Amino acid sequence: MSEHEHLGFNSLLIHGGVEADPLGSATVPIYQTSTFAFRNADEGARRFAGEDDGYIYTRLGNPTIATLERQIAILEKGFGGVAVASGMAAVSTIYVAFLKAGDHIVSTAAVYGPSRGIMESYFKKFGVESTYLSTADLDAVRAAIRPNTRMLYVETPTNPTMELSDIRALSAIAREHKLVMVVDNTFSSPFLQRPIEMGADIVFHSMTKFINGHADIVAGMIIARNEELYKAVRQAMIGMGGNMDPHQAYLVLRGVKTLALRVQRAQENAQQVAEYLERHPKVAWVKYPGLKSHPQHELSKKQMDGPGAMISFELQGGLKAGKVLMDNVRLALLAVSLGGIETLIQHPASMTHSKMAREKREAAGITDGLVRFSVGIEDLKDIIADLEQALAKV
Ligand SMILES: *Cc1c(COP(=O)(O)O)cnc(C)c1O
């Protein structure tokens, strides 16, 4: 890692963690293999004893996957990375690595749905207790910590309400109470936010989103602050079997090279789209950290290097207006997921959150007319023209 420490972020996206190939390949080869042959019994014995860092079996480690793990760990300023099959494999591996029966977790309420869903079903079944609240409220977080609390789990900005939590302040609280501080950094990517630099212990990504960025793969990555945390995550991943596939790793290695270019371009578009929507008479409000109207605009400038490419806005006219907008966009794809090169639009009340009881949904800030917009890298004028013609029909 050290040979790359002096490089800037864009250079690290190309060279960070990448070792020279013995045959001179410009790209990282795909080691599409399940197992690795030992030259003799002694070598096999040394590998199993951990005296030789050669490979054994792909669930335990693989050169293509290891390159991606090194690269993302460097970008996130962590000790090491553990690649997994999906963002949810990252979440479940983290819970398994650090929680046991009788433990308690304090978490952001508006987390990615299944992150809370598996805690309140499977992990509850195994005796883990949980408290979900707004982690933007530091006093509420302090008050929720119990003697058996082990983990503080934070997502910032939240999906789809775009609420921010103060990573430095929460990390300090976690340290004081000896909690493992976990941050879901999917919405920002390491280009815009590096939680380990601000005190977090574990950072993870659904690399399905910004890091891969091309809507062609599902993947996850867990990055640990130090060796002890890294080993705990690695062991849990190997045991639970949520490993990545070498071909998946290759695609992410290809996608991540343009992370800075893509996010820069998408967030330039997003800032203009957010300002356009804020002026539109059919839009009640817009939530985007880059707008002065965002209640945590100042915090976003303190902990993020840019406001990102995700926008939430509320239509006048509720559920019906939301559906009309969805049925009339032409350029934007009507689809879940986010963080890709293409603009995506989604209506939580009729889609992702439609099974949630209305009262519970509204209490979580997911109102009937809320629209989630993932801004892509198309021409700004085309994105705005698409919204203009669709909003005219609302
Ligand atoms: C998509 C997403 C996840 C889950 O990731 P998958 O790759 O779909 O398993 C977790 N957290 C956030 C914030 C997400 O957007």
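Guide: Let us begin with a term: a residue is called buried when its relative accessible area is under 20%, exposed when over 50%, and partly exposed in between, using a 1.4 Å probe and protein chains only. Helices (H or I, at least four residues) and strands (E, at least two) are DSSP runs, numbered from the N terminus. This is a predicted model, in which local features need pLDDT of at least 70 and side-chain atom pairs count only at pLDDT 80 or more, while totals for chains, interfaces and linings use all residues. Residues are numbered from 1 along each chain as its sequence is written, and side-chain values use heavy atoms, with hydrogens and water left out.

Visitor: Okay, which residues of helix α2 are buried?
Guide: In α2, which covers residues 41-49, the buried ones are Glu 43, Gly 44 and Arg 47. Looking down the axis of α2, these buried residues fall within an arc of 100°, so they line one face of the helix; the arc is that of the directions from the helix axis to the C-beta atoms.

Visitor: And which are exposed on the other side of α2?
Guide: Ala 41, Asp 42 and Ala 49 are exposed there.

Visitor: Switching to packing, at what angle do α3 and α10 pack?
Guide: Helix α3 (residues 63-75) and helix α10 (residues 246-256) pack at about 40°, and their axes are 8 Å apart. Axes here are lines fitted to C-alpha atoms, for helices over the stretch in contact, and angles run from 0 to 180 degrees between N-to-C directions. The two helices α3 and α10 are therefore oblique to each other, given that angles under 35 degrees count as roughly parallel, over 145 as roughly antiparallel, 65 to 115 as roughly perpendicular and the rest as oblique.

Visitor: What residues of α3 and α10 meet?
Guide: From α3, Thr 64, Ile 65, Thr 67, Leu 68, Gln 71, Ile 72 and Leu 75 meet Pro 246, Ala 249, Tyr 250, Val 252, Leu 253 and Val 256 of α10, where contact means heavy atoms within 4.5 Å.

Visitor: How do α4 and α5 cross?
Guide: The axes of α4 (residues 87-98) and α5 (residues 113-125) come within 10 Å and cross at roughly 45°. That makes α4 oblique to α5. On the α4 side the contact is made by Met 88, Val 91, Ser 92, Tyr 95 and Val 96, and on the α5 side by Pro 114, Ser 115, Ile 118, Met 119 and Phe 123.

Visitor: What about phi at Ser 189 and Ser 337?
Guide: Most residues other than glycine have a negative phi. Ser 189, though not a glycine, has a positive phi of about 70°; this residue is found in helix α8 (residues 189-192) and is buried, with a relative accessible area of 0%. Ser 337 is also not a glycine and has a positive phi of about 80°, but Ser 337 counts as partly exposed at 27% relative accessibility.

Visitor: Last one: what is Gly 369 in contact with, leaving aside its neighbours within four places in sequence?
Guide: Gly 369 is in contact with Phe 313, Glu 314, Leu 315, Gly 318, Leu 319 and His 347, once those neighbours are left aside. Gly 369 and His 347 are 22 residues apart in sequence and 7.7 Å apart in space, C-alpha to C-alpha.
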